[in-house]
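Q: I'd like a close look at one part of this protein. Could you walk me through the enclosed space and what sits around it?

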Amino acid sequence: MYGGDEVSAIVVDLGSSTVKAGYAGEDTPKAVFPSTVGWLAKDQESAGKKDGGDVEMKDAGDGKTYFVNDMSYRRDHMELASPFNDEGLLEDWDVVEAIWAHTLRKRLVVEPNEHPILMGEPVHTTREGREKMVELLFEKHNPPAVFLAKNPVLTSFASGRATSMVIDCGGSGTTVAAVHDGYALQKAVTRSPLGGDAITDVILKHLEKKKKTPVKPRYEFKRTARADGETFDVTDVKCPDVAASYRLFKQREIAADLKETVCRLSDTAYSEAENQNMPSMQYELPDGNVIDVGVERYKIPELLFQPDLINGFGLGADAPAGVKDAKGLSQLVLDNINRCDVDVRKDLFGGMLLAGGGSLFPQLRERLEAELHDAAPTNVRVKVTASQNAVERKFATWIGGSILASLGSFQQMWMSKQEYEEHGANLVHRKCP
């Protein structure tokens with residue numbers, strides 16, 4: 001068995017929005033970059049090289065050239081791909097491999113065969129997905145040892161708990177999972193497609209459809225300062241060969257900034273009548289257009305608790321997939337607790353952890369705690385904890401992995417290369433429960 005050594009383990013959290021990677025025992029990840037990857041077909045590769053200069057490209061041998069962490073540079077015909085499917089599970093293994101290669105060799109600049117690797121994984125990953133992950137790691141990167149840890153377990157460890165209810169609001173959705181004595185309770189996992197990306201998409205559609213405000217990506221215009229030095233002339237830049245997926249990605253960046261800047265949650269359940277007179281806030285788009293964001297800055301985040309409000313935005317078929325039929329945050333948590341054994345429910349009500357970049361709306365923790373308090377049995381104490389530090393909340397899974405991989409008591413848990421060669425990838429289910 002692999003017993004650890006003096007070399008630091010590498011911790012990687014491949015999330016639906018960003019990749020976090022770094023060394024075990026450190027406070028924050030060394031590398032953070034988008035998990036969306038650009039690709040060009042082989043016959044367009046020369047154009048990418050000519051336009052992009054010295055950029056990192058990954059040829060996966062499938063007729064595509066991948067560009068990882070290189071979204072700021074516009075390339076004609078470059079499409080974007082995510083490694084995840086609609087269920088939040090890893091599906092495109094060529095993209096996964098491109099991300100891992102970039103993470104280890106370009107960002108951390110390590111020799112993978114010298115470092116054990118701890119990899120976070122979605123709690124609902126299939127058996128086949130886990131085996132594929134282990135197989136890819138050992139066959140492509142040859143680390144001395146590997147460990148796969150469930151994301152909610154790592155989030156729980158990040159706050160020093162072995163038992164908790166983890167509410168992870170990520171990019172592609174919200175996952176609620178109970179952790180008991182360091183193990184995720186698989187039967188009780190509840191998921192919703194309502195996460196940070198869905199809220200961002202609603203904002204983008206609302207601006208373009210309801211407010212009739214075009215959201216122009218930064219590459220579609222040029223700003224020139226006038227003589228007074230305070231105002232600008234904006235001229236359009238024609239880019240006919242930009243792929244729709246890349247344009248949408250850059251539009252989402254703008255909508256996400258608006259979300260983080262002006263949106264917040266109401267203290268109590270949102271109602272149209274009570275919020276009519278909410279003061280509006282101004283937001284300046286990159287092209288200089290200034291928009292007034294009124295009551296919708298409360299109404300859009302409220303979708304996390306009342307998904308049926310989506311009908312009031314008039315988006316029709318443009319509404320994000322699955323939102324209309326999704327359950328609110330409080331209901332997700334209650335459903336999860338009701339699936340758990342009666343003996344642990346009291347501990348779960350009193351040990352809830354809120355994490356993920358989508359949980360950073362002001363008032364979210366207080367609102368969730370109040371709603372769960374009203375729904376909980378009378379003799380149960382409800383406590384929702386969330387780090388006041390935005391970095392800790394966004395990187396909770398990675399931080400948990402960093403703590404776990406640096407513990408002396410953990411060093412006997414690794415699945416070694418020798419064990420993999422003897423028993424095969426399916427050993428991961430026993431070594432990494």
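Which residues line the largest cavity?

A: A quick note before the tour: this is a predicted model, where local features need pLDDT of at least 70, side-chain atom pairs count only at pLDDT 80 or more, and totals for chains, interfaces and linings use all residues. Residues are numbered from 1 along each chain as its sequence is written, and side-chain values use heavy atoms, with hydrogens and water left out.

On to your cavity. The lining is made up of Ile 203, His 206, Leu 207, Lys 211, Leu 258, Cys 263, Val 293, Glu 296, Arg 297 and Ile 300. Here a cavity is a set of points, on a 1 Å grid over the protein atoms alone, where a 1.4 Å probe fits but cannot get out, and lining residues have an atom within 4 Å of a point. The space inside comes to about 60 Å³, counted as what is filled by probe spheres set on the points, with grid points joined across faces, edges and corners. Searching the whole structure turns up one cavity of 30 Å³ or more.

Two elements each give two or more residues to this lining: H5 and helix H7 (296-299). Helices are DSSP runs (H or I, at least four residues), numbered from the N terminus. H5 supplies the largest share, three residues. Sorted by class, the lining has six nonpolar, one polar and three charged residues; Ala, Val, Leu, Ile, Met, Phe, Trp, Tyr, Cys and Pro count as nonpolar, Asp, Glu, Lys and Arg as charged, and the others, Gly among them, as polar.

At 4% relative accessibility, Cys 263 is buried, meaning under 20% relative accessible area with a 1.4 Å probe and protein chains only.

How values were computed: 1 Å grid on protein atoms, 1.4 Å probe; cavity = no way out; pocket = protein on both sides within 12 Å on 5 of 7 lines; lining within 4 Å. Buried < 20%, exposed > 50% of the residue type's maximum accessible area, 1.4 Å probe, protein only.
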